Amino acid sequence: MSTNENGMRESDLFDRATIHEIQRAAREGMYSIRGFGAKRKLPHFDDLLFLGASMSRYPLEGYREKCDTDVILGSRFAKKPIHLKIPITIAGMSFGALSANAKEALGRGATAVGTSTTTGDGGMTPEERLSSKHLVYQILPSRYGMNPDDLRKADALEIVVGQGAKPGGGGMLLGQKISDRVAEMRTLPAGIDQRSACRHPDWTGPDDLTIKINELREITDWEKPIYVKVGATRTYYDTMLAVKSGADVIVVDGMQGGTGATQDIFIEHVGIPTLPAVRLAVEALQEMDMHRKVQLIISGGIRNGADVAKAMAMGADAVAIGTGALIALGCNSPEHEEEYQKMGTSAGFYDQYQAGQDPAGITTQDEKLGARLDPELGGRRLANYLRTMTLEAQTLARACGKSHIRNLEPEDLVATTLESAAMAKIPLCGTSWYPGCDQGTF
Amino acid sequence: MGTETVNLLDTELRALNDRLHHLDLSKDPSHFVVEEPRGKHNIACGLTDEIVVDIKGHAGYYCAGMNQRATLTIHGNCGIGVAENMMSGTVRVEGSASQSAGATGNGGLLIVNGNAAARCGISMKGIDIVVRGSVGHLSAFMAQAGNLVVCGDAGDSLGDSIYEAKLFVAGSVKSLGADCIEKEMRPEHLKTVGALLERAGIDDVDPASFKRYGSARKLYNFDIDNADKY
């Protein structure tokens with residue numbers, strides 16, 4: 001609880017942000033829509049620590065001994081699985097939510113380090129196909145811009161059931177971002193609010209999804225890996241159902257995952273954090289004897305190599321980043337502070353992706369703003385960020401004695417809080433216990 | 001134009017689709033007859049060539065899915081999502097179609113001689129659909145572009161949250177969905193309906209008997225005063 005200089009107490013319940021939101025709602029009569037991800041404090045990978053090598057473990061030399069990072073995705077059924085050099089992929093973000101230059105920059109950065117990027121609602125742009133060596137094509141409920149030629153051009157397909165920022169919700173792209181090009185790609189009039197459906201139009205459950213996946217395999221002659229992406233909620237069961245439906249790869253997006261435009265109430269109050277989601281997905285895969293056979297990609301709040309290494313130690317095969325990638329391109333950079341101030345915000349607080357006035361030229365369809373982002377420079381920055389994250393993850397893996405990041409394991413981790421111990425089923429530091437386990441069984 | 005017959009009792013679906021996906025029309029036949037489909041799913045999906053395919057019986061889900069250029073006839077009923085996301089060509093169902101017929105289709109013509117179940121033309125993006133019988137509830141939900149012509153009746157919530165697609169119904173409409181209204185049937189609409197009926201081979205239904213439905217365009221941009229309409 002904070003106090004002011006006169007010693008007066010601020011309400012914990014009705015704090016300044018809450019008062020601001022109530023008064024905004026009363027003034028505007030509309031729920032708050034914004035971009036970015038959940039801002040509330042949640043148990044996360046920061047609540048885990050690596051044990052590192054000791055008497056019983058042998059470390060690898062940091063600057064000499066090899067620590068591999070590659071990953072193969074889609075080996076279950078696809079004739080042409082994807083082989084990535086690093087286990088950090090770029091999550092689906094639409095052209096529409098992002099500018100064409102931003103999409104190109106993501107492709108360039110990902111390609112430079114040998115990883116994949118992903119389309120989004122609205123279809124595939126020639127720029128991102130051209131700039132991306134490995135491109136995952138999303139199949140969303142709206143099917144905006146969906147066509148079989150692009151399906152065949154893709155390197156993998158991702159059926160999006162939900163995303164972490166809004167499991168159970170559809171998408172929205174507000175009228176101010178519907179340029180002529182976006183409108184044409186989506187077969188809708190320019191300037192209107194575009195609602196993306198929350199349900200797929202031609203399948204309703206896992207049995208139908210099995211047939212849908214087979215249709216996509218037939219159309220692409222069984223070449224492409226097929227991912228199924230879910231927002232983290234009932235993750236244990238969703239993972240099992242996705243495996244049963246025939247997915248090659250499961251993507252689980254925790255509630256910290258970003259969005260281009262969603263109701264604040266949805267972002268902050270629906271879904272579960274990434275930390276328990278990883279554990280639930282891995283448990284489901286292990287129970288089905290599918291761990292490492294169906295690959296698991298985890299997203300939602302991945303920021304650095306420690307997050308990558310911890311997700312992989314818990315059993316993920318790879319991670320995906322969205323918000324971190326946009327920040328690497330320049331989102332929320334202090335260099336735009338003057339313009340942020342004019343919009344009533346500040347670097348570090350900017351989340352108005354839906355408004356389309358991003359001074360960094362990333363979350364906009366305004367041609368002049370979009371032109372501010374140099375896709376080559378943006379791509380270089382993203383590549384640098386991805387390389388740094390990979391080096392960080394390798395550093396941690398070597399310290400734990402692993403010659404491949406994938407060899408990290410839960411036994412390398414301890415939890416610093418009861419909540420994280422319970423959610424991750426990782427023992428509390430200095431004990432062999434986590435809530436729910438019998439003493440001494442871990 | 002030679003004809004090749006494929007019997008799905010002794011040929012795997014994968015082999016059929018693989019054959020249809022990799023044709024050399026300078027030497028391969030351009031007419032295929034598929035016998036004994038027996039409700040199999042994903043028959044003849046993802047075609048790209050100007051070929052003719054006759055499916056002699058009932059088909060399962062996603063028959064002719066994402067079709068480009070080909071002309072297919074299903075001599076029977078079909079399951080969910082026939083001609084889903086079709087880009088071009090023609091698909092004719094001689095019987096009735098299950099849910100989501102022509103879902104998200106971008107182009108081409110889908111003809112259903114019987115009835116089509118719920119969500120016919122859902123999120124259609126330019127496809128033309130002609131249904132000789134009736135369509136189920138939530139047909140043309142979020143329909144963006146194209147024409148849906150229904151010679152029979154339409155179920156509940158026709159055209160819910162519709163964008164710019166045009167809906168024509170000769171019979172009754174149980175109810176209209178959010179933002180869908182009846183609109184004036186002008187001469188150009190009579191012409192559109194007449195041309196689509198002709199392409200569908202329907203000559204005993206008068207274009208003048210149709211009513212037109214489309215978007216009121218009141219929910220295109222959010223307005224708090226319309227909150228009770230959503």
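Which residues touch the most other members of the largest nonpolar core? In this predicted model, select Val319(A), Leu329(A) and Ala44(B), which hold that place among the 194 residues of the core. As general background, nonpolar side chains in soluble globular proteins tend to be buried together.

Stay with Val319(A) and display its surroundings: leaving aside residues up to four places away in sequence, Val319(A) touches Pro87(A) and Ile88(A), then Ile297(A), Ile298(A), Ser299(A) and Ile302(A), and finally Val308(A) and Ala311(A).

Next, colour chain A by domain, with residues 1–30 as domain 1 and residues 35–408 as domain 2.

Now turn to chain B and show it as a cartoon, where 2 helices and 11 strands can be traced. Followed from the N terminus, the elements of chain B come in the order β-α-β-β-β-β-β-β-β-β-β-α-β. The radius of gyration of chain B is 18 Å, close to the 17 Å that the globule rule gives for 230 residues, so chain B is as compact as a globular protein of that length. Along the principal axes, the C-alpha atoms of chain B fill a box of roughly 60 × 35 × 30 Å, and 53% of the 230 residues of this chain count as buried. Among contacts in chain B with a separation of 6 or more, 24% are accounted for by residues 24 or more positions apart.

Select strand 1 (residues 3–7) of chain B together with strand 2 of chain B; the two run parallel and are joined by 5 bridges. Within this pair, Thr5(B) stands opposite Val33(B) of strand 2 of chain B.

Finally, select the contact between the chains, to which chain B gives 35 residues and chain A gives 23 residues. On the side of chain B that touches chain A, helix 1 (13–21) and strand 7 (125–131) of chain B each supply at least two residues, and the largest share, 3 residues, comes from helix 1 of chain B. Coloured by class, this side of chain B shows 14 nonpolar, 16 polar and 5 charged residues.

Terms used:
Residues numbered from 1 in each chain as written. Chains lettered and ligands numbered in written order. Predicted model: local features only at pLDDT ≥ 70, side-chain atom pairs only at ≥ 80, totals over all residues. Helix = DSSP H or I, 4+ residues; strand = E, 2+ residues; numbered from the N terminus. Rg over C-alpha atoms; globule rule 2.2 N^0.38 Å. Buried ≥ 20, exposed ≤ 12 C-beta atoms within 10 Å, placed from the backbone. Contact = placed C-beta atoms within 7 Å. Nonpolar A, V, L, I, M, F, W, Y, C, P; charged D, E, K, R; others polar. Domains from an automatic or database assignment. Core = buried A, V, L, I, M, F, W, Y, C linked by C-beta atoms within 7 Å. Pairing = 2+ DSSP bridges.
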